[in-house]
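Thanks for coming. I will walk through one chain today, a piece at a time, and I will stay with the geometry.

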Amino acid sequence: MNNQDVVILNVGGLKFTTWPSTLQQFPESRLARMLRGNDHEFKLVNGQFFVDRDGVLFSYILDFLRTLQISLPSDFSDYQRLQREAAFYELYSISNLLSQKSLLRPKSEILEIQFLLQGSQTFFRLFGSCSITIDALAGRITVFSEQLGGTTWQRDHVPLQKSLIPLSLERPSHHDLIFQCGTDYSNQSVARYVSIKPDHRKLINGTNVLGLLVDILFKEGFRLVNTRTLSTEEKTECYCFERTRQPDALNISVSQAQQDTPVLYTKSIQAHKRK
């Protein structure tokens, strides 16, 4: 078969079209042997290779051959059946990986907002079970300071852009983020404004900042689980959010996939590029 010709497979009634090079990613697999005419399980019928197997599960296997990554839907549950299909095609790199279901299943992520209102100031503490999410929020939140001097602060006061000084966020750990807004009259009058991308407003009212934060989390797939009071004396409120987070794509290198134990990469992976 010419490597420039496409291959059409009929797997259990579902048809798939791909390049021969895709099926030859792993030369020892049955799909590669099929192209060489060395596997009689695959019947060539009217120019199509037919195999009496599960076509839906084969779509995940073909996606792996195209990208060298395992990416499954959040509601996927047929790990054992997919592992059996991978073993049938003698793609043991996939089969071995599917035996480690914990790496592939979606994970629950928790994020809490602690909200403390003291006079004209509001204090925020964000805690997340996933440090990557906290890092992303830290990159979107900016706190600006303005020295009010001897002037009396007014609720409708609009700061001049040049008078604002950006402040560093407090990061006690990789899972924590602390900042505040409002006006501090304890020493010198200082106003702190909060801006959260992609919203460009500079908010000084803590309730408005909380509302914007909640709106952003909803858009990011979080749902509100519960609210509770942490301290009745200080009136610290806690808002708990949760979302189901897809696991990072798992990548298997071609060279290592021939071995019994594939090498897995769980950081951001570039799709495998073919020459």
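Start at the hairpin of strands E6 and E7, where two residues lie between the strands and Gly 119 has a positive phi near 60 degrees. Strands here, and helices later, are DSSP runs numbered from the N terminus: helices are H or I with at least four residues, and strands are E with at least two. The model is a predicted one, so local features need pLDDT of at least 70 and side-chain atom pairs count only at pLDDT 80 or more, while totals for chains, interfaces and linings use all residues. Residue numbers run from 1 along each chain as its sequence is written, and side-chain values use heavy atoms, with hydrogens and water left out.

E6 covers residues 107-118, and E7 covers residues 121-128. The two run antiparallel and are joined by eight bridges. For two strands to count as paired, DSSP has to find at least two bridges between them. Within this pair, Phe 115 stands opposite Phe 124 in E7, and Gln 114 has Arg 125 as its bridge partner.

Now the helices. Helix H3, residues 55-67, and helix H4, residues 79-88, pack at an angle of about 65 degrees, with their axes 10 Å apart. Those axes are lines fitted to C-alpha atoms, for helices over the stretch in contact, and the angles run from 0 to 180 degrees between N-to-C directions. H3 and H4 are therefore roughly perpendicular to each other; the cut-offs are under 35 degrees for roughly parallel, over 145 for roughly antiparallel, 65 to 115 for roughly perpendicular, and oblique for the rest. On the H3 side the contact is made by Leu 57, Tyr 60 and Ile 61, and on the H4 side by Arg 81, Leu 82, Glu 85 and Ala 86. Contact means heavy atoms within 4.5 Å. By class, that contact has five nonpolar residues, two charged and no polar. Nonpolar takes in Ala, Val, Leu, Ile, Met, Phe, Trp, Tyr, Cys and Pro; charged is Asp, Glu, Lys and Arg; the others, Gly among them, are polar.

Which residues of H4 are buried? They are Tyr 79, Leu 82, Glu 85, Ala 86 and Phe 88. Buried is under 20% relative accessible area, exposed is over 50%, and partly exposed is in between, using a 1.4 Å probe and protein chains only. After H4 comes Glu 90, with a positive phi near 60 degrees.

Two other residues have a positive phi without being glycine. Asn 46, at about 50 degrees, is in the loop between strand E3 (43-45) and strand E4 (48-51). Leu 68, at about 60 degrees, is in the loop between H3 and strand E5 (69-70). Are these residues buried or exposed? Asn 46 is exposed, at 75% relative accessible area, whereas Leu 68 is buried, at 2%.

There is also a cis peptide bond, between Lys 197 and Pro 198, with omega about 5 degrees. Pro 198 belongs to the loop between strand E11 (190-196) and helix H8 (206-219).

Leu 23 is buried, at 0% relative accessibility. Setting aside neighbours within four places in sequence, its contacts include Val 7, Leu 9, Leu 35, Leu 62 and Leu 65. Ile 8, in strand E1 (residues 7-11), is partly exposed at 28%. Ile 8 and Gln 48 are 40 residues apart in sequence, yet 5.1 Å apart C-alpha to C-alpha.

Last, the totals. The chain has nine helices and 15 strands, and 42% of its 275 residues count as buried. Of the contacts with a separation of 6 or more, 59% are between residues 24 or more positions apart.
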